[in-house]
Amino acid sequence: MSDRADEEMTRMGPVTALLDATGLFFKSARDAFPGAVAADWAAAAALDPGAVGPEGSWRLDFRCFAVADPNGAGWTLIDAGVGPADGPGAPWCPVPGRLPELLTTAGIDRSDVHTVVLTHLHEDHTGWAADAAGRPYFPRARYVVQRAETAALDRLDPVWGWVVEPLRAAGQLHEVDGGHRLRPGVTLLPTPGHTPGHQSVLVERPDGRDVLVTGDLLVHAVQLAAPGVAYAHERDPVAARTSREELLARAADSGAVLATAHLTRPFVDPSRYGPPAVGT
């Protein structure tokens, strides 16, 4: 659980970062990124000092993002957090998450969420997608995932029974192939590697800097300092590196800000790697 109440909700234009939970990972940072060298770790500590836990542990946030429609008609939610105490993330995530109360505080009713983008089907990104009774948590939403992601998911994976089966049964699971425009200004970008069907999200802002929601393309600041560093739990490290380098290059070329799920700062300006670019 997070005790950083002032950081539970941070806004950048139409994008609101929602801090569902904070906790220590079950591996140390150096075990999770065995290819990183001393200079990479020094750069990462400067970029995201909050991630440095006691005795080399990795402290990380578990964050979702809500994107407001320009006409005020509703919301798109990107990822669904760690979920409740009995959710699929319970064996290792800091459950229960706080997303329901954060949505209430932000003035977002569950019925006003018309789209839930799942960047991928890991427990810590899908926990609030449904409840233990198999009911979609967002009753009017279409849940959008890459078809390659559902095709690759093991049927014995707890997310299959918690998320995929009930959403399909409810007719609310929408599988797409490749790049996909959800609505003007919100586009899905395939970024495979962490998982076979991992996707990121581009939120275009005509009145400000675009926002790139990275999902788990970038899980620690060491991968921002050294994009070639692989994460121990990437399904395809070569593809993940390519996706990461391409997305970071896109952000640098366009001036976009990164919205991160697990760094202890929700918005990061890759052009300067300085203080969080919040409120611009």
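A salt bridge here is a side-chain nitrogen of Lys or Arg within 4 Å of a carboxyl oxygen of Asp or Glu. What you have loaded is a predicted model, so local features need pLDDT of at least 70 and side-chain atom pairs count only at pLDDT 80 or more, while totals for chains, interfaces and linings use all residues. Residues are numbered from 1 along each chain as its sequence is written, and side-chain values use heavy atoms, with hydrogens and water left out.

**Stop one: a helix pair.** Select E245 and R241. They form a salt bridge, with the closest N and O atoms 2.9 Å apart. Both sit in helix α8 (residues 237-254), four residues apart, which puts about one helical turn between them. (Helices are DSSP runs of H or I with at least four residues, strands are runs of E with at least two, and numbering goes from the N terminus.) E245 is partly exposed at 34% relative accessibility, and R241 is partly exposed too, at 40%. For these labels, buried means under 20% relative accessible area, exposed means over 50%, and partly exposed is in between, using a 1.4 Å probe and protein chains only.

Now pick R183 and D69. Their side chains meet in a salt bridge at 3.2 Å, N to O. R183 belongs to strand β8 (residues 180-183) and D69 to the loop between β3 (57-68) and β4 (75-78), so this contact ties together parts 114 residues apart in sequence. Are these two buried or exposed? R183 and D69 are both buried.

**Stop three: helix to loop.** Next, grab R147 and D177, another salt bridge, with its closest N and O atoms 3.1 Å apart. R147 is in helix α5 (residues 147-152) and D177 is in the loop between β7 (173-176) and β8, so the pair links parts 30 residues apart in sequence. R147 is partly exposed at 38% relative accessible area, whereas D177 is exposed at 56%. How many salt bridges does a search of the whole structure find? It finds 10.

**Last stop: the sheet.** Switch to cartoon and follow the open six-stranded sheet, ordered β8-β9-β10-β11-β12-β13 with mixed pairing. Two strands pair if DSSP finds at least two bridges between them. At the edges are β8 and β13 (267-268), each pairing on one side only. Then zoom in on β10 (residues 199-203) and β11 (residues 211-213), which pair antiparallel over three bridges. Select V201 and look across: V213 in β11 stands opposite.
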